[in-house]
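Work through the exercises below with the sequence and the coordinates at hand. Each task is followed by a solution in steps.

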Amino acid sequence: MSSSDASGDGRTGTTAVGTTDIAPKKPGVKAGEATVDYVDERSGATTGLKWYLFRNIPAETSWFQTLGFTAMMLFGLQAITGIVLAMYYKPDPASAFQSIEVITNDVTWGWLVRSMHRWGSSAMIVVVFLHMARVFFFGAYKYPRELTWVTGALLLVLTMFMGLTGYLLVWDQKAYWATVVATNITASAPLVGPFVADILRAGPEFGPNTLSRFYSLHMLVIPLGIATFIAIHLYFISFLGIAEPPWSKRRFRAKREEQEAERERAARTPYGRREVPAVGPPAPEREPARAEDGS
Amino acid sequence: MNRGQKEAYKRDYAQAKKEGKPFFPYAVYKDLIVATLAIGFVIGLAVWQRIPIGEPVNPATTDFVPRPEWYFFFLFELLRIFKGQGALTPVIMATFIVPNVLLVLLLVTPFIDRGPERRIWRRPIALFSGIAVVFLLAYLTHLGSEAPAGTEEVQLENLDPQGQAGLDLFLANGCLACHTVAGVGAPGPGPGLTDEGERGRGIEYQIEHLRDPQSTTPGSSMPAFASLTDQELEDLAVFLEGLGTKYTAP
């Protein structure tokens with residue numbers, strides 16, 4: 001901490017511990033500081049990170065408001081275990097099942113990584129759904145956070161598509177036939193259904209190419225979509241700030257103070273008369289009601 | 001929310017932020033605790049309940065139970081509820097209309113509910129619909145998770161040799177995973193077949209439908225049984241045409 005304040009930029013750190021430290025700096029520390037300053041000067045990274053980390057949020061946040069971050073961490077876990085699995089998995093109908101056997105039986109910790117990836121997918125669905133329920137019951141999707149909700153809903157759908165495409169990759173009987181039914185269902189949809197089904201199956205028939213197609217969707221297309229929407233979602237959250245729980249003590253206090261002020265005003269003007277200013281603008285408490293015509 | 005209410009919310013939120021705490025460490029520590037617990041839970045499950053290896057894919061045999069992942073059970077159950085006896089509209093209800101209506105409702109929730117009230121006990125419609133959706137999804141998932149009974153004996157009277165061969169094929173190809181015959185098998189997604197013969201569709205229709213279900217029943221989600229031989233298809237078709245007419249449940 002002291003080192004970054006010594007860089008001369010005193011805007012954020014007013015404590016300025018570094019100025020009292022007059023001992024010569026170690027060369028390692030010096031080089032590190034120089035690197036951080038160099039990068040910050042050209043990218044604003046340190047300044048941005050400081051803003052992000054030390055910006056104020058409402059004092060009372062619920063434990064339920066940690067579920068979004070948890071969902072993101074589970075996505076990270078899926079990404080890491082998925083990368084490890086991809087190192088051993090062979091997306092070819094002739095060897096896909098065998099490579100799953102190798103991962104499970106031969107590769108060191110392979111069974112663990114595969115089990116974690118499978119359980120992680122269920123956990124992610126559960127956490128994303130709970131996160132959505134939290135936002136719904138907190139009314140946190142209301143103004144100004146409507147678009148945050150829309151991106152979140154799309155993330156839920158993408159997460160489910162991850163489950164659908166990943167299910168086939170193990171290439172066992174259950175997954176194979178379940179996916180045959182799933183693509184038949186897609187094909188039954190009116191208008192675009194047959195086209196979407198053809199894209200999914202890589203042709204009119206469910207066959208060997210379908211596996212490569214699902215592999216590509218599962219490994220590249222959908223993860224890219226999820227990462228993009230997480231980025232947009234995070235931007236909205238840091239731009240707007242996290243919602244305050246609607247039953248926060250602060251809000252109750254503010255309401256009570258308002259009511260007390262109202263009572264005081266009433267006491268000052270007996271016989272139920274309202275205080276009317278002789279001249280000038282209307283009373284400030286009437287202002288919200290005035291704008292009711294604006295949708 | 002009108003403009004005044006929006007301004008009031010922004011003022012109130014600005015005040016909350018002013019009286020607030022920094023994101024780091026006050027929110028970060030909570031986030032990290034819950035995320036660590038969740039990841040620990042996943043690792044624990046992975047160690048405690050290892051994922052087994054299934055049976056390798058064999059497109060030639062359809063001896064299977066087409067089960068999706070548990071989080072698709074509610075859609076799977078919809079297929080059973082709206083199972084159309086060969087009709088197109090109910091199937092599209094389950095596979096297209098209902099899921100897409102749900103999806104659109106999910107996406108436009110913030111544009112439907114625009115009131116300024118955020119406390120859930122003051123939002124009776126939101127409270128009721130939210131709880132209803134959670135319960136409905138849980139109930140449909142539970143129904144969808146119930147494994148179809150498929151191993152019991154199918155009791156049919158007056159089975160001739162060809163009918164017996166058809167029944168054997170019917171059992172071996174896992175048809176009971178989606179259809180019921182004489183009270184045995186899953187009540188969906190496919191239609192019940194106990195009285196299939198009474199519809200009088202004919203042997204040729206049955207063979208064609210088995211070979212390519214979508215050609216005779218557009219919108220069907222049934223897999224094709226094209227890997228069966230001509231003789232096998234005929235046996236199955238004779239068996240199906242006899243159901244309810246020749247081969248009756250006792």
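**Exercise 1.** Over which ring does the charged end of Arg123(B) sit? Describe the surroundings of both partners.

*Solution.* Step 1: the charged end of Arg123(B) sits over the ring of Phe136(A), 5.8 Å from its centre; the criterion is NZ of Lys or CZ of Arg within 6 Å of the ring centre and within 35 degrees of the ring normal. This is a predicted model in which local features need pLDDT of at least 70 and side-chain atom pairs count only at pLDDT 80 or more, while totals for chains, interfaces and linings use all residues; side-chain values use heavy atoms, without hydrogens and water. Residues are numbered from 1 along each chain as its sequence is written, with chains lettered from A and ligands numbered from 1 in the order in which they are written.

Step 1: Arg123(B) also forms a salt bridge with Asp113(B) (3.7 Å, N to O), that is, a side-chain nitrogen of Lys or Arg within 4 Å of a carboxyl oxygen of Asp or Glu. Asp113(B) and Arg123(B) are 10 residues apart, both in the loop between α5 (88-112) and α6 (124-145) of chain B; helices are DSSP runs (H or I, at least four residues), numbered from the N terminus.

Step 2: Arg123(B) has 5% relative accessibility and therefore counts as buried, whereas Asp113(B), at 22%, is partly exposed. The cut-offs are under 20% relative accessible area for buried, over 50% for exposed, and partly exposed in between (1.4 Å probe, protein chains only).

Step 3: Phe136(A) forms one aromatic cluster with Phe137(A), Tyr141(A) and Trp149(A).

**Exercise 2.** Which residues does Trp149(A) touch, and which core is it part of?

Step 1: Trp149(A) is among the residues with the most contacts inside the largest nonpolar core, which has 34 residues. Such a core is a set of buried Ala, Val, Leu, Ile, Met, Phe, Trp, Tyr and Cys residues joined through side-chain atoms within 4.5 Å.

Step 2: at least two residues of this core come from each of α4 (67-88), α6 (110-137), α7 (146-169) and α10 of chain A, and α3 (28-48) of chain B. The largest share, 10 residues, is supplied by α6(A).

**Exercise 3.** How is the pair Trp171(A) and Tyr176(A) classified, stacked or edge-to-face?

*Solution.* Step 1: rings of Phe, Tyr and Trp (its six-membered ring) pair if their centres lie within 6.5 Å; planes under 30 degrees apart are stacked, over 60 edge-to-face, and the rest tilted. The structure holds 20 such pairs over all chains.

Step 1: with centres 5.3 Å apart and planes at 90 degrees, Trp171(A) and Tyr176(A) are edge-to-face. Tyr176(A) and Trp177(A) are edge-to-face too, because their planes stand at 85 degrees, with centres 5.0 Å apart.

Step 2: Tyr176(A) is buried at 6% relative accessibility, and Trp177(A) is buried at 4%.
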